[in-house]
Amino acid sequence: MKKSATICLAITMILAISNLASAVTATGTAYVATVNGSSAYSINNGGDQLFYDVQPDTDYNWYNPDGSMVLYTYEKAGVYDEPRDGMKTFAATNVAYGATIGSLNLSFQYAKSTTIDSSGYPYGNYPSINVHITDGNGNYAIWSATSGGTGFTTADVTGREGWAELTLDMSGFADSSVYGKVNESTDTSVLLNGNLNATSVQWSDIKDWTIAGFYTEQYAPTGDWGAWGQNLWGDISEAGDIIPENQYGISLIWGDTVGSMYGDYDNSYVGASVERDYGKKVKMIDTFAVDVDGTAYDITFAADPIPEPATLALLGLGGLLLRKRKA
């Protein structure tokens, strides 16, 4: 082979490798917002790191899709049929919209519970992982990866004392295995025993559902979703929609249902006898990455702007016009 041909071949191979690398590496954003309260988080290191504050109770409440208030009972504290309140911070990304849940692989690093933050609260490992999915026929569900026997792998991070990395490779789950739980689903055919809040499903039941976004069957906060974040909840899919409107389908969340709703963090609401150590923890994560069908996204965090009241009114009007047009 001539020298010039060899050089051309080498250049072609370099360009091919370069194009391949650019095709499989991308960036994405996880927008962060707190509902039912003020911004209970901070974003550090140029958007690479997210710190979740303690998520206390507030004067805001959660509501069912029919507008009735959500009630809960906590027998340990002698609380029965009380309005459900409490803050919750979401960090959600749209990079996997439209992909099957069975094609995902995500990871992030987190501060382990051996560390104490500056306010004296212990770090509580990793936040909850929710994946919002649809079957494409107007049914929606939230798959809670952190509930049930999900196949995480965790390992200490070399050279980073007190930190570990969590990896969740959904593409490696066995069809017959039970992983996570499905909550607030509009399709009871994927549920066992009809218990929406404590039901594990076989992976084969949902692995081909695609990543969607927030939808109306979820408990809505005071003021509805649109009052709390401009990007994450600007368009909420209605049950029965074939094409989901909201695309923020992967959420890393902390607060509300994992302990904070049982009383203020100083125990002033239900008394100091209530065990709330889990709800008092804070969390810090970074190096968030999501692999979707071979494309690796490095995710940075950004605050989701809260719409001004006038903007909310316009968004509401736009939503009404959209509904009428769709009808």
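Q: With which residue does K207 form a salt bridge?

A: Side chains of opposite charge can pair when their charged atoms come close. A salt bridge is counted when a side-chain nitrogen of Lys or Arg is within 4 Å of a carboxyl oxygen of Asp or Glu. Here K207 pairs with D175, and their closest N and O atoms are 2.8 Å apart. K207 lies in the loop between α2 (203–206) and β14 (210–211), and D175 in the loop between β12 and β13 (181–183), so the pair ties together parts that are 32 residues apart in sequence. The helices (H or I, at least four residues) and strands (E, at least two) are DSSP runs, numbered from the N terminus.

Q: What should I keep in mind about the source of these values?

A: This is a predicted model, in which local features need pLDDT of at least 70 and side-chain atom pairs count only at pLDDT 80 or more, while totals for chains, interfaces and linings use all residues. Residues are numbered from 1 along each chain as its sequence is written, and side-chain values use heavy atoms, with hydrogens and water left out.

Q: How many salt bridges does a search of the whole structure find?

A: The search finds three. One of them joins the side chains of K112 and D156, at 2.9 Å from N to O. This pair links distant parts of the chain, since K112 is in the loop between β8 (104–111) and β9 (128–134) and D156 is in strand β11 (residues 153–156), 44 residues apart. R160 also forms a salt bridge, with D286, where the closest N and O atoms are 2.6 Å apart.

Q: Which backbone atoms lie 3.3 Å from a polar atom of the side chain of N36?

A: A polar contact is a pair of N or O atoms within 3.5 Å; within protein, one must be able to donate a hydrogen and the other to accept it, and residues adjacent in sequence count only if both atoms are side-chain atoms. For N36, these are the backbone oxygen of N61 and the backbone nitrogen of T222. N36 is in the loop between β1 (25–35) and β2 (41–44), and counts as buried because its relative accessibility is 0%.

Methods
Buried means under 20% relative accessible area, exposed over 50%, partly exposed in between (1.4 Å probe, protein chains only).
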